[in-house]
Amino acid sequence: MRRVYLDNNATTPVLPEVLAAMQTYFGEHFGNASSIHHHGQETRAAVERARESVAALVGCRASEIVFTSGGTEGDNLAIFGLVQSSFTQAGLVKPGQHVITSTVEHHAVLNSCKQLEASGCDVTYVPVDSRGQVDPDDVRRALRPNTRLITIMMANNETGVLQPVEEIGKVAAEADVYFHTDAVQAAGKVAIDVKRIACDLLSISGHKMHAPQGVGTLYVRKGTLLHPLFYGGSHERSRRAGTENVPGIVALGKAAELAREAFGRGDLERISALRDRLEQTILREVESTGVNGRGAPRVPNTSSIYFDYIEGEALVIALDLKGLAVSTGAACSSGAIEPSHVLTAMGLSPERARGSLRFSLGKQTTAEDVEFALNLIPQTVARLRELSPIYNKDAVGN
Ligand code: PLP
């Protein structure tokens with residue numbers, strides 16, 4: 001059975017070049033990068049090469065890159081590391097600090113903020129408009145004398161909507177407040193320049209950009225004091241204890257290199273054209289549909305579409321049975337009946353949010369894959385709607 005994967009915002013396949021680059025670090029070059037002998041030096045050199053590649057992707061110095069286990073750790077290290085660094089050597093959260101975030105963040109950020117609140121910090125959740133964007137003036141208005149950090153994502157995982165991070169960076173700089181941005185869904189899809197964004201911290205995850213799961217990086221601007229999350233050795237300049245995941249780091253370095261090359265080659269234009277074809281054909285051929293975040297700047301690979309009178313989960317399952325893998329949104333919310341917090345924050349009704357599907361393309365996606373999806377979607381939606389009492393009642397009413 002043919003299977004087509006359009007769920008690259010959940011995770012991406014490791015590219016063959018990336019796999020080839022990392023493979024020898026499982027066996028042939030196995031040293032601990034902290035060992036001073038030949039084996040360690042070999043892997044240390046590979047880690048430092050990867051650090052250079054990742055730094056080049058985001059426009060910073062290699063020494064400002066900290067390798068982590070992924071996006072969740074990067075977000076936690078940025079948020080707790082910064083809030084804990086300010087007061088106590090012991091790394092306790094001092095109650096009374098203030099953090100600004102948005103209502104559409106990934107749970108890695110939202111639940112970190114909830115934990116801060118439980119520790120007595122104040123958090124302001126800035127709203128988004130109907131296109132899913134934060135207004136930088138709302139961020140400015142939310143500032144308080146005790147605001148320590150602004151954490152607002154670069155690209156949303158469900159809709160692909162890009163936030164005005166450069167304007168938010170200006171607001172943060174004017175107020176002399178730290179700025180972290182979760183760039184997990186932006187890396188490799190849009191150019192990232194930490195100087196233009198004027199952020200102090202930026203997190204990336206390997207598995208969203210064709211490196212394996214379980215590796216990521218946090219950019220930490222020189223001079224930013226972070227309290228570590230883990231206690232152990234002095235790895236990563238004492239910012240992240242723990243023996244480095246050398247194969248993962250080498251893979252991330254290679255993926256960063258490939259991502260940079262792709263910007264000059266028109267790969268993203270190809271993906272965006274395929275995404276647009278998918279989106280426009282669905283809107284044309286299937287009634288009562290629309291694009292979530294339409295009109296806002298978006299990453300080129302993502303399309304979130306609502307299908308009225310449909311349960312998103314039912315459509316995901318029906319499509320999967322025919323070989324097409326898509327998602328209702330955040331992968332971790334699969335199985336939960338709660339409508340997406342991102343889509344409801346944009347003003348969608350719970351029903352419309354539950355009837356939304358996320359299509360996310362990757363570097364491996366072909367025009368044939370998109371045609372395959374387009375052959376399945378209209379008929380599958382029609383069949384599910386035939387079974388829907390609400391749809392039939394409304395159709396009769398028409
Ligand atoms: N932030 C965003 C925007 C994400 O989409 C994800 C993963 O879905 C994460 C953070 C978490 O990254 P990881 O899976 O590497 O922990």
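Student: How many nonpolar, polar and charged residues does the shell around the ligand have?

Tutor: Sort by residue type: Ala, Val, Leu, Ile, Met, Phe, Trp, Tyr, Cys and Pro are nonpolar, Asp, Glu, Lys and Arg are charged, and the others, Gly among them, are polar. Here the shell has 2 nonpolar, 8 polar and 3 charged residues. This is a predicted model, where local features need pLDDT of at least 70 and side-chain atom pairs pLDDT 80 or more, while totals for chains, interfaces and linings use all residues. Residues are numbered from 1 along each chain as its sequence is written, and side-chain values use heavy atoms, leaving out hydrogens and water.

Student: Which residues come nearest to the ligand?

Tutor: A residue is near a molecule if one of its heavy atoms lies within 4 Å of it. Of the 13 residues around this ligand, Gly71, Thr72, Asp182, Ser205 and Lys208 come nearest. Helix 3 (residues 71-85) gives the largest share of the shell, 3 residues; a helix is a DSSP run of H or I with at least four residues, a strand a run of E with at least two, and both are numbered from the N terminus.

Student: What secondary structure does the protein have?

Tutor: The protein comes to 15 helices and 12 strands. Its radius of gyration, taken over C-alpha atoms, is 22 Å, close to the 21 Å from the globule rule for 398 residues, so the protein is as compact as a globular protein of that length. That rule is 2.2 Å times the number of residues to the power 0.38. Along its principal axes, the C-alpha trace spans about 75 × 55 × 35 Å.
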